[in-house]
Amino acid sequence: MQTIDVASSSHTYTITVGKQLRLSPYKYLPDNFPRKKNRLLILADETVASYYLEDVRTAYAEKLPVHTYVLPVGEEMKSFSGYEELLSACLQTGLDRESAIIALGGGVIGDLAGFVAATYMRGISLVQMPTTLLAHDSSIGGKTGINHPEGKNLIGAFHQPEAVIYDIEMLDTLPKKEWLCGFGEMIKHGYIADPQLLEQLKQLNQCAALTISDKLLASSIAVKKEIVHEDEREQGIRAYLNFGHTLAHALEQTAGYGMLTHGEAVVNGMVFALYVGRRLGYDGPDAAEELRWLRAFGYSFTPLKQMDSARILQAMKHDKKNRGGSVRYVVLADAQQPIIVTLDDEQLLTYMDAFKKEMEVT
Ligand SMILES: NC(=O)c1ccc[n+]([C@@H]2O[C@H](COP(=O)([O-])OP(=O)(O)OC[C@H]3O[C@@H](n4cnc5c(N)ncnc54)[C@H](O)[C@@H]3O)[C@@H](O)[C@H]2O)c1
Ligand SMILES: O=C(O)C(=O)C[C@@H](O)[C@H](O)[C@H](O)COP(=O)(O)O
Ligand SMILES: [Zn+2]
């Protein structure tokens, strides 16, 4: 078992990573948690609920009244309607300011339940219990939110959890597609900050990759933790965690939410960002070379090949990193040296079109 403390402006919380934690969650919460709360609402999607909700409900019910609410699966739930549905569930359950929400699930439940916790009665306690590999990223750092039809994560709040309880035994039931999705964010952490992590991920035999070593997971969590610790509200370096995301979010929005996994979209976005970096004259990794190992690892680059440059540009215009109408893009000045550059529309269109042509010969 590993524990990592994350200091935020409101409080310090602990991330605990281990097996079977879901069976005794109180051990991993702040000591005063059961005394200070009057009831809990556990939120999960249908798939996660079918595997783990009963274990988690029973464990929490040892000390507090527990309610549960189960949502349909998918990114579509990170929407105004999903948000409204959960707020109504909070009201019907009688949650008040001494209650807490337990987000049991992947990044969709984490972001959505987190935003409900951030805004219900102007904010109540949140515990993150991640169940996907991707959620080693989404459960840390307090970004919560929902999508707008015009763009990903455009509505949200920073709301730090009381604890992150990561029972990695739950990853045993994760399908291959979701492993690939989660590896996407680990690869991102490697590209922006940790060469050893990146190298070890490259060495993984993709076929055997439906598992994760404690060491690799810890390295990836460490990258996220260090950055959010230094820049909780994305005033500066936290934007580096958005490497690959300007295009990823545009691809997700234009394809229709839920059509691509977030991690696969990020991998597509990172390869394009590497290409942009080189076109600007920087010395980061070569996009074509990286694309080869990423393809062998299992990623599809069809989204990049098929992107409609004009629509993608429009979607990028809503990115939260933009200032004064200009698109700000994370590229690598060199290996593990992210920087932000400002790109004009012509440049972006030129790079997207050129990249698609070059992809055809790769
Ligand atoms: N807040 C952040 O910092 C942050 C970071 C990265 C991604 N995100 C967001 O996270 C979301 C993606 O999260 P995700 O990839 O975890 O998606 P998800 O929550 O939809 O989970 C993916 C799929 O796996 C299933 N699943 C979850 N846990 C399982 C388990 N243990 N066993 C079997 N099946 C399981 C789910 O039912 C779903 O079908 C996106 O909306 C993205 O924008 C947020
Ligand atoms: O924690 C962050 O900061 C990140 O950017 C992590 C990303 O992996 C994540 O997808 C995040 O939700 C994107 O943030 P957004 O501000 O672009 O919505
Ligand atoms: Zn992401």
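Where they touch, the contact takes 26 residues from domain 1 and 27 residues from domain 2. Keep in mind that you're looking at a predicted model.

Stay on the domain 1 side of that contact. Which elements give two or more residues to it? Select strand E1 (2-7), strand E2 (12-18), H5 and E8, and you have them. By class, this side of domain 1 has 10 nonpolar, 11 polar and 5 charged residues.

**Zoom out**

Now show the whole chain as a cartoon. Along its principal axes, the C-alpha trace spans about 60 × 40 × 35 Å. Buried residues account for 48% of the 362. Take the contacts between residues at least 6 apart in sequence: 73% of these join residues at least 24 apart.

Next, select residues 69-179. UniProt, in an unreviewed entry, places the feature "domain: 3-dehydroquinate synthase N-terminal" there. This stretch is 32% helix and 31% strand, and its end C-alpha atoms sit 26 Å apart.

**Ligand 1**

Select ligand 1 and bring up what surrounds it: 31 residues, the closest being Thr-47, Gly-106, Gly-107, Thr-132 and Ser-138. Which helices each supply at least two residues of this shell? Highlight helix H2 (46-61), helix H4 (107-119), helix H5 (135-138) and helix H6 (176-193). H4 gives the most, with 4 residues. Colour the shell by class and you get 11 nonpolar, 12 polar and 8 charged residues. With your domain colours back on, you'll find that domain 1 and domain 2 each provide at least three residues of the shell around ligand 1.

**Ligand 2**

Move on to ligand 2. The residues around it are Asp-137, Gly-141, Lys-143, Asn-153, Glu-185, Glu-234, Arg-238, Leu-241, Asn-242, His-245 and Lys-320. By class, that's 1 nonpolar, 4 polar and 6 charged residues. This shell, too, draws at least three residues from each of domain 1 and domain 2.

Two members of the ligand 2 shell, Asn-153 and Glu-234, deserve a click of their own. Asn-153 is in strand E8 (residues 151-158). Its phi is near 55 degrees, a positive value in a residue that isn't glycine. Is Asn-153 buried or partly exposed? Partly exposed, because it has 19 other C-beta atoms within 10 Å, and a residue needs 20 or more to count as buried.

Finish with Glu-234, in the loop between helix H8 (214-230) and helix H9 (245-255). Glu-234 also has a positive phi, about 55 degrees, although it is not a glycine. With 18 C-beta neighbours inside 10 Å, Glu-234 counts as partly exposed.

Conventions. Residues are numbered from 1 along each chain as its sequence is written. Chains are lettered from A and ligands numbered from 1 in the order in which they are written. This is a predicted model: local features need pLDDT of at least 70, side-chain atom pairs count only at pLDDT 80 or more; totals for chains, interfaces and linings use all residues. A residue is near a molecule or strand if its C-beta atom, placed from the backbone, lies within 6 Å of it. Ala, Val, Leu, Ile, Met, Phe, Trp, Tyr, Cys and Pro count as nonpolar, Asp, Glu, Lys and Arg as charged, and the others, Gly among them, as polar. Domain bounds come from an automatic or database domain assignment. A residue is buried if 20 or more other C-beta atoms lie within 10 Å of its own, exposed if 12 or fewer, and partly exposed in between; C-beta atoms are placed from the backbone. Two residues are in contact if their C-beta atoms, placed from the backbone, lie within 7 Å. UniProt positions are given in the numbering used here, feature names are shortened, and annotations may be inferred rather than shown by experiment.
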